[in-house]
Structures are given as structure tokens and as C-alpha cells.
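Q: I have a structure open and want to go through it piece by piece. Can you take my questions as they come?

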Amino acid sequence: MPSYARKHQLQQSLAYHAFNRSNGRKVIFQEPGDFDRFKTLLYEYGFKFDAKIYHWVIMPNHYHLVVEFNLPELISKFMAGLHRAYSHYYHNQYNSVGFLWQGRFKLQPIQKDLYLKNCGRYVERNPVRAGMVKEACEYAHSSARFYCLGQEDGVTQVSCDFENSGKEATGRRAVYKEFLRAFDSEEEAYFSNIEIPCGDQDFLRRLVKAKGHYYPRRQGRKAAIFVL
């Protein structure tokens with residue numbers, strides 16, 4: 001029997017912009033060890049669920065990921081496991097109790113060939129917009145340092161967009177640095193509205209909405225189609 005990835009109609013086209021924030025916007029990433037622990041969990045759960053994390057940022061009270069799954073049906077298990085594991089760590093570390101996360105995580109489907117790189121720019125520029133740094137690669141807890149400086153972080157898997165931007169690594173990094181600077185407010189507003197999928201009309205027609213999130217429609221399966 002073919003796998004789910006072979007059955008759905010968006011194979012190799014679909015990635016997700018995933019986001020969640022702490023309950024009450026509380027600072028939950030305080031010390032370097034907190035950020036390191038979350039990075040370790042990203043690696044562990046990415047490996048467990050066969051996820052490719054192309055772009056990411058961990059801010060003091062929230063995080064963003066741009067991630068692709070071989071089996072999109074596993075994304076809820078990935079996110080739930082990640083949240084539980086970090087909550088367990090945080091409560092043990094700080095002798096606290098209660099809900100750590102602000103309700104259910106959010107997912108924005110991204111058409112890879114059109115929007116992956118731009119969504120990554122939005123994600124990596126979070127510390128710049130927050131006034132924490134002037135350049136995205138100055139922030140220690142995002143994939144920007146991987147792409148701009150070549151620093152391995154154990155989380156980032158290089159995107160095809162980056163690999164295709166030049167023959168030499170130093171040239172690709174320089175191009176990417178300039179790309180991060182060349183943003184526009186209209187684009188950033190588009191990705192900040194995480195409830196709206198990013199893709200062309202054909203991509204949107206191949207999505208269905210279930211339990212508040214968009215997933216790829218399975219071939220041969222009748223389901224409501226949401227075109228935005």
C-alpha cells in the first residue's frame with residue numbers, strides 16, 4: 001500500500017509555518033540553557049517524525065518554525081510532543097506548574113517553490129523587528145547564523161533555495177545576508193497572518209481544513225475544499 005506521502009496531492013510542495021506563544025506572553029526562554037534545550041528537542045523530534053526544519057527562531061516568549069514532513073499527518077504529534085517535553089523541562093527547571101503554552105499551536109501551509117524562502121526571512125527577522133538586534137544573523141537563536149555565517153546548529157536543514165543561490169558557500173551566504181535586508185512590510189504582514197495559507201490557486205484547492213488546521217487532500221478522497 002502506498003504511504004500517505006505518496007497518496008496526498010501536495011508531495012514535495014507543502015511546508016508549514018508553525019508558531020506558538022507562551023501562556024500570557026510569559027518569558028519561557030530565559031537562560032542560554034533554555035534555548036539549548038528547545039533546540040535539542042527540535043532535533044530529537046525532527047528526527048523522530050522525519051521532519052525537515054528549514055528555518056526557525058526561538059524568541060523569549062514564542063517560536064516560529066518552517067518545517068516539512070514526509071508524512072504531514074504526523075505534524076500534530078510532532079508539535080504536541082515538542083510542547084510536552086519543553087513544559088516538563090521548564091517546570092522542573094523553575095519549580096513551576098500550570099499551562100506553559102497559549103492554547104493550540106498555529107500552522108500556515110506554505111507552497112515551497114513560491115514562499116519557502118520568503119517565509120524563512122519573515123521568521124529569521126523576528127529579533128530585528130523586536131529591536132533586539134540590527135542584523136538577523138546577530139541573534140544567537142535562529143537559523144540565520146546557519147545561512148549567513150555557516151554555523152551548524154544541529155537543527156537547520158539547508159533549503160534548496162539556498163543551495164541554488166550560488167556555487168561557492170561564501171557567495172551564497174553573502175547573497176542570503178542581502179536577501180534578509182531586502183524585506184518589505186507587505187510581505188511581512190502576509191506571513192504574520194498565520195491563519196491564511198500561502199500558495200497559488202491550485203495549491204489552495206488541494207488543501208482541506210480539519211480541526212482548525214489545513215492539511216493536504218488525499219487523492220480519491222471526497223472532502224470539503226477551502227479556497228481562499
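Q: What covers the buried residues of H2?
A: This is a predicted model. In it, the cover over the buried residues of H2 includes S2, S3 and H3.

Q: Which residues of H2 are buried?
A: Asp34, Phe35, Phe38, Lys39, Leu41, Leu42, Tyr45 and Gly46 are buried in H2. Seen down the axis of H2, these buried residues fall within an arc of 160°, so they line one face of the helix.

Q: And what does the face turned away from the buried side carry?
A: That face of H2 carries the exposed residues Pro32, Phe47 and Lys48.

Q: How many residues does H2 have, and how far does it reach?
A: H2 has 17 residues, and from first C-alpha to last it reaches 24 Å. That is close to the 24 Å expected at 1.5 Å a residue.

Q: What comes just after H2?
A: Asp50 does, and it takes a positive phi of about 55°.

Q: OK, H3 now. What are its residue count and reach?
A: H3 covers residues 75-94, which is 20 residues. Its reach from first C-alpha to last is 28 Å, close to the 28 Å expected at 1.5 Å a residue.

Q: Which residues of H3 are buried?
A: The buried ones are Ile75, Phe78, Met79, Gly81, Leu82, His83, Ala85, Tyr86, Ser87, Tyr89, Tyr90 and His91.

Q: What do they pack against?
A: The buried residues of H3 pack against strands S1 (14-21), S2 (51-58), S3 (62-69) and S4 (106-111), as well as helix H2 (32-48) and S6.

Q: Which residue just after H3 takes a positive phi?
A: Asn95, with a phi of about 50°.

Q: Where does Gln102 lie?
A: Gln102 is in the loop between H3 and S4. Gln102 is partly exposed, because its relative accessible area is 34%.

Q: What is Gln102 in contact with, neighbours within four places aside?
A: Asn20, Arg21, Ser22 and Asn23.

Q: How far apart are Gln102 and Ser142?
A: In sequence they are 40 residues apart, and in space they are 21 Å apart, C-alpha to C-alpha.

Q: Switching to S6. Which way do its residues point?
A: S6 covers residues 213-216. His213 and Tyr215 point one way, while Tyr214 and Pro216 point the other way. All of these are buried.

Q: In what sense do S5 and S6 pair?
A: Strand S5 (residues 207-210) pairs with S6 in the antiparallel sense, over 4 bridges. Leu207 stands opposite Pro216 in S6, and the bridge partner of Val208 is Tyr215.

Q: How many residues sit between the strands in that hairpin?
A: There are 2 residues between S5 and S6. In this hairpin Lys211 takes a positive phi near 55°.

Q: Cysteines next. How many disulfides does a search of the whole structure find?
A: The search finds 0 disulfides. Cys137 is in no disulfide, and the nearest cysteine sulfur, that of Cys148, is 4.6 Å away. Cys137 counts as buried because its relative accessible area is 11%.

Q: One more residue. Where is the place of Glu188?
A: Glu188 is in helix H9 (residues 185-192). At 9% relative accessibility, Glu188 counts as buried. Leaving aside neighbours within four places in sequence, Glu188 is in contact with Tyr122, Arg125, Arg129 and Phe183.

Q: What pLDDT does the protein chain average?
A: The average is 89, and 91% of the residues score at least 70. Among the elements of the chain, S2 has the highest mean pLDDT (98) and helix H1 (residues 4-7) the lowest (42).

Q: Where does pLDDT stay under 50?
A: One stretch is residues 1-8, for which the model has 18 contacts beyond four places in sequence. Another is residues 221-228, with 20 such contacts. Where pLDDT is low, the predicted coordinates should not be read in detail.

Definitions and conventions:
Residues numbered from 1 in each chain as written. Predicted model: local features only at pLDDT ≥ 70, side-chain atom pairs only at ≥ 80, totals over all residues. Heavy atoms only, no water. Buried < 20%, exposed > 50% of the residue type's maximum accessible area, 1.4 Å probe, protein only. Pairing = 2+ DSSP bridges. Expected span 1.5 Å × (residues − 1). Contact = heavy atoms within 4.5 Å. Arc of directions from axis to C-beta. pLDDT = per-residue confidence, 0-100. Disulfide = S-S within 2.5 Å.
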